[in-house]
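Dear colleague,

I am passing on the structure below, and my notes on it follow directly after. Please read them alongside the model.

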Amino acid sequence: MRDLKIPAERHPEKARRPDNPQPKKPSWIRVKAPVGEGYKQTAKIMRDHKLVTVCEEAGCPNVGECWSQGHATMMIMGEVCTRACTFCNIATGKPPEALDVFEPGRVADAVQKLGLNHVVITSVDRDDVEDGGAEHFAQTIRAIRKRSPDTTIEILTPDFIKCAPEALEVVVAARPDVFNHNLETVPGLYPEVRPGARYFHSLRLLQRVKELDPTMFTKSGIMVGLGENRQSVVQVMDDMRAADIDFLTIGQYLQPTPKHHAVDRFVTPEEFSAYEKSAYGKGFLMVSATPLTRSSYHAGDDFARLRDARMKKLGQG
């Protein structure tokens, strides 16, 4: 039995990699340790419902702030991912279990008990499942809608690269309010950062969501500090806008362990502000670009702003 708390067992494919030094974090990305009753209550609900959160599994720096406010990004389909991205802290390997048919109901119950106005549902990659977990996503969306009809739902999905095209159609037909799939990095870094994925497949996935349902908000994000340059980031923005993506997130890559991809540099807050200004100039409805930005950070507030931005745009049209 693997102990996923031990790094070598959590990431067996990284165990033989040479250590990369972990540079000291600058002042602008240091965060307070998680404390407070709100944090404890959120943690209890997650444990009581036997749910996994990407907040914990990925080592998100914002977990203290978000959980204190009752916000958590729930990760479905287990805690072991079939991919081995070099930036990610989620456990990798062959998942030990089949998909849990009762999980969508437990997620819906937790959403109701937390009283969420907006929920983010993500997952590990499950290349061992024929549809990549598409039906499981759809069932989770439907279960939340039934239990909490006023809650808006954002999903952060795998790329379904090994699945038939119908898999994506199943997820879109369940009508999440926001469909998010992260490109993660610039195309030139895919072989070393995201070796199991393909940049243009991920881009096309998001474009196809819009073709299937033009009213659905689409969202994607990248990390910086992996070795990219400004020109390559701007090119990703252009590619995203060509695919009609509404919402862009850009955040600083933080190295989980010495075995993970090295931090190339810490991007300054001023550079993030410049990226945000450039992205808005290219026509994104919503942009979040800060050192601590993550896909789900302030997702509820951002969704409200995204919806307002669309209404304003339609009014101008």
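**Notes on the model**

Ser 278 lies in helix H11, where helices (H or I, at least four residues) and strands (E, at least two) are DSSP runs, numbered from the N terminus. This is a predicted model, in which local features need pLDDT of at least 70 and side-chain atom pairs count only at pLDDT 80 or more, while totals for chains, interfaces and linings use all residues. Residues are numbered from 1 along each chain as its sequence is written, and side-chain values use heavy atoms, with hydrogens and water left out.

Ser 278 counts as buried because its relative accessible area is 18%, the classes being buried under 20%, exposed over 50% and partly exposed in between (1.4 Å probe, protein chains only). Leaving aside residues up to four places away in sequence, Ser 278 touches Arg 230 and Met 237, contact meaning heavy atoms within 4.5 Å.

Helix H10 (residues 230-242) packs against helix H11 (residues 269-281) at an angle of about 35°, with the axes 10 Å apart; axes are lines fitted to C-alpha atoms, for helices over the stretch in contact, and angles run from 0 to 180 degrees between N-to-C directions. The crossing of H10 and H11 is right-handed, a term used when the near helix is turned clockwise from the far one by less than a right angle, with anticlockwise giving left-handed. On the H10 side, Arg 230, Val 233 and Met 237 meet Ala 274, Tyr 275, Ser 278 and Ala 279 of H11. That contact has five nonpolar, one polar and one charged residues, with Ala, Val, Leu, Ile, Met, Phe, Trp, Tyr, Cys and Pro taken as nonpolar, Asp, Glu, Lys and Arg as charged, and the others, Gly among them, as polar.

A second pair is formed by helix H5 (residues 103-114) and helix H6 (residues 134-147), which pack at an angle of about 35° with their axes 8 Å apart, and H5 passes H6 in a right-handed crossing. The H5 residues in this contact include Val 107, Ala 108 and Val 111, and those of H6 include Ala 143 and Ile 144. Divided by class, the contact of H5 with H6 has six nonpolar, five polar and three charged residues.

For Glu 184 phi is about 75°, and its place is in the loop between E7 and helix H8 (190-193); Glu 184, however, counts as buried, at 16% relative accessibility.

Arg 307 lies in helix H12 (residues 299-316) and counts as partly exposed, at 41% relative accessibility. Beyond residues up to four places away in sequence, Arg 307 touches Thr 152 and Phe 217.

As for the protein chain as a whole, it has twelve helices and ten strands, and buried residues make up 54% of its 317 residues. Among its contacts between residues at least 6 apart in sequence, 76% join residues at least 24 apart.

With kind regards
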